[in-house]
Amino acid sequence: MPETTPKGLTGLAFGGDYNPEQWPESVWTEDVRLMREAGVSMVSVGIFSWALLEPAPGTYDFGWLDRVLDLLHANGIRVDLGTPTVVPPVWFFRAHPEALPVTADGRRYEFGSRGAICHSNADYRAAAANITTRLAERYADHPALALWHVHNEYGVPVSACYCDSCAAHFRRWLAAEYGTVDAVNEAWGTAFWGQRYGGFDEINPPRLTPTVGNPAQALDYKRFADATIRENFRAERDILHRLSPGVPVTTNFMTALSQCDSIDYWAWGREVDLVTNDHYLITDGRRTHVNLAMAADLTRSVAGGAPWLLLEHSTSGVNWQPRNPAKTPGQMARNSLAHVARGSEGAMFFQWRQSRRGAEKFHSAMLPHGGTDTRVWREVVGLGASLDALREIRSTRTVADVAVLWDWHSWWAQNLEWRPSEDHDARERADAFYEALYDRHLTVDFAHPEADLSAYPLVVVPALYLMTEAAGRNLTRYVEGGGTLLVSYFSGVVDEHDAVHEGACPGALRDVLGLTVEEFAPLLEGDTVRVTGPDGTGLAADVWTEFVVPRGAETVWTYADGPAAGRPAVTRHRLGEGTAWYVSTRLGADGLDAVLARAGEDARVPARPDLPRDVEVVRRAGGSGSYLFVINHTGTDAKVPLDTPGTELLTGESAAGRIEVPAGAVRVVRLDG
Ligand code: GAL
């Protein structure tokens, strides 16, 4: 069994990407001195250093990296060592121009940025294996080495290449998946628009077409691209396992960012020894701490509930959004500790020292351009102390209340063209349901639709358009066994090939929901409808309505107006020991809360009306004890009731009856007993 925790790291991880190659060596001694001052325990090194490590083909210069690792080791700082395969040197691309990826419309990218790689390219694969082997041979036994960091953020900025090598690779992949070309024809429905293929050699990637292409082909290409990138990760990982046993191997994920929607992290979670994640606040006007919590919950779920590690976030503003606000005082610590509350074994940043040159010089860092006499530096030092005070929570696990189903394949399928309404966005529904659960102070595990759900009293299905028959049976079993299911519209519609399930919609779910949907009736842009509840109160909805026909389900909310006026809007179906709810329209926050309140009663999930909005309360528990994290995202002091007395770890004070959390602050109580 490979190791799953960074070797030799005794506390929580605290540090960041360290790029000493951007600085004269005279700066390095100051770097490590300040790292010690801040309590840095681990740094990520060498992620983009291939051109320096192999300046010409077969010529290596490891001297500088030796000195960096020795210096870090001498100062007690552990190293997360990168394989630099995300940016091959320019000489490599000049020798192998076809290793640069090609877009769907046939244009080839040029060298000069990062992450421009055709993952099917045999020369790239050989060169990546070679540099990885050299690094592993040289550093496997280096005393600073704690963790291997393969590549960087697979899947961005290029998620798929459409070149001729990829075409050949795609055909081999299809042959392995389907066996015969007839099976491909069947799965892709090529009888439609005369797209039938006579042999695998006739199939290409879904390149530029005049109008919409075959959706099942596009979906399979997503799967193929993800599997191809994963092959390259595995190749590097296997080299590292062989040459550097005892040191865990990771690659940094970006689980919840919609910019990185090309990776099936359920599959990737099984490949890495330790799940690590990068998370940046997206400033789109929404509550950033909710998206952060969602990313952390999703990352933990991809790790199967095991501890994981936040490998990158920012001390303050980033520089790649249209507008990049600085974090407010205290926000960095709240962000870092919210990740820790939800299972991260530390908090790492991009990057240690803010760059003077290059594309990221306006991105914040642990050590800003302004040096140590800055707010950011003072907060960094404070965070280092906080993480040190929390070290005993290592290896405990976050305790979840409910599950939300999540599947990247469904998301890929949902995002294909020619749907009933372009205003429906599966990711928007996932965010909205998550936010509604967050506001009810429920901690969420995400789960694959075919996973065992029996541990959860409530399972929410935000908009899972693609659902296999096996997933449908899984949900039926879950409800029959006593679970409460809450399903949003446009779920369970198609199978794994984007083919509509046989019979009335929603094929995978009609039995468990006790209804059929006769027609989708999406609304025009800006139109809204009202739905009326059992007590006569109305809720607003938009984007989507449906003609729902109950077949065993009872109607709880009814459309008051709009195309479906008089028909069921929200239904409830008793099946076996459990209950299945269906929401056939896009409810706003109030509506989701009202439905969740009802479904929550069926599920007997705790209602927590005494907790103020935007005060996040999460529990980690395990061998060393039970810990309550309370994160106050508001500008007002908060009081949170405590069932059990305990000791607050950041202040050392004892707490009983309730814990007071000043505006913007975080408290972590070790509960007695
Ligand atoms: C990450 C990336 C880092 C850095 C950071 C800036 O996606 O891995 O290298 O670019 O973004 O926010």
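**A guided tour, beginning at the ligand**

Select His 363 and the ligand: an N or O atom in the side chain of His 363 lies 2.7 Å from an oxygen atom of the ligand. Taken alone, the ligand exposes 310 Å², of which the protein buries 96%; accessible areas come from the Shrake-Rupley method with a 1.4 Å probe.

The model is predicted: local features need pLDDT of at least 70 and side-chain atom pairs count only at pLDDT 80 or more, whereas totals for chains, interfaces and linings use all residues. Residues are numbered from 1 along each chain as its sequence is written, and side-chain values use heavy atoms, with hydrogens and water left out.

**Around the ligand**

Next, select Trp 320, where a side-chain N or O atom is 2.8 Å from an oxygen atom of the ligand. Then turn to Asn 152, which has a polar side-chain atom 2.9 Å from a ligand oxygen atom. The residues around the ligand (one heavy atom within 4 Å of it) also include Phe 48, Arg 114, Glu 153, Asp 278 and Tyr 280.

Now display the strands (DSSP E runs of at least two residues, numbered from the N terminus). Nine of them form an open sheet with parallel pairing, in the order β5-β4-β3-β2-β1-β9-β8-β7-β6. Its edge strands, β5 (249-250) and β6 (252-253), each pair on one side only; two strands pair if DSSP finds at least two bridges between them. Select β8 (residues 308-312), which runs parallel to β9 and is joined to it by two bridges. Within this pair, Leu 310 has Ala 347 of β9 as its bridge partner.

**Helix α12**

Proceed to helix α12, residues 375-389 (helices are DSSP H or I runs of at least four residues). Its 15 residues should span 21 Å at 1.5 Å a residue, and the end C-alpha atoms are 21 Å apart, which agrees; the expected span is 1.5 Å times one less than the number of residues. Buried residues (under 20% relative accessible area, 1.4 Å probe, protein chains only) in α12 include Val 376, Trp 377, Val 380, Leu 383 and Leu 387. Among the elements covering the buried residues of α12 are β1 (13-18), α1 (25-38), α11 (331-341) and β9 (344-349).

**The antiparallel sheet**

Finally, select the open sheet of six strands, ordered β10-β23-β24-β29-β26-β27 with antiparallel pairing. At its edges, β10 (397-398) and β27 (654-655) each pair on one side only. Six bridges join β24 (residues 625-632) to β29 (residues 666-671), and Leu 628 stands opposite Val 669 in β29.

Key: Buried < 20%, exposed > 50% of the residue type's maximum accessible area, 1.4 Å probe, protein only. Contact = heavy atoms within 4.5 Å. Polar contact = N/O pair within 3.5 Å; in protein donor to acceptor, adjacent residues only side chain to side chain.
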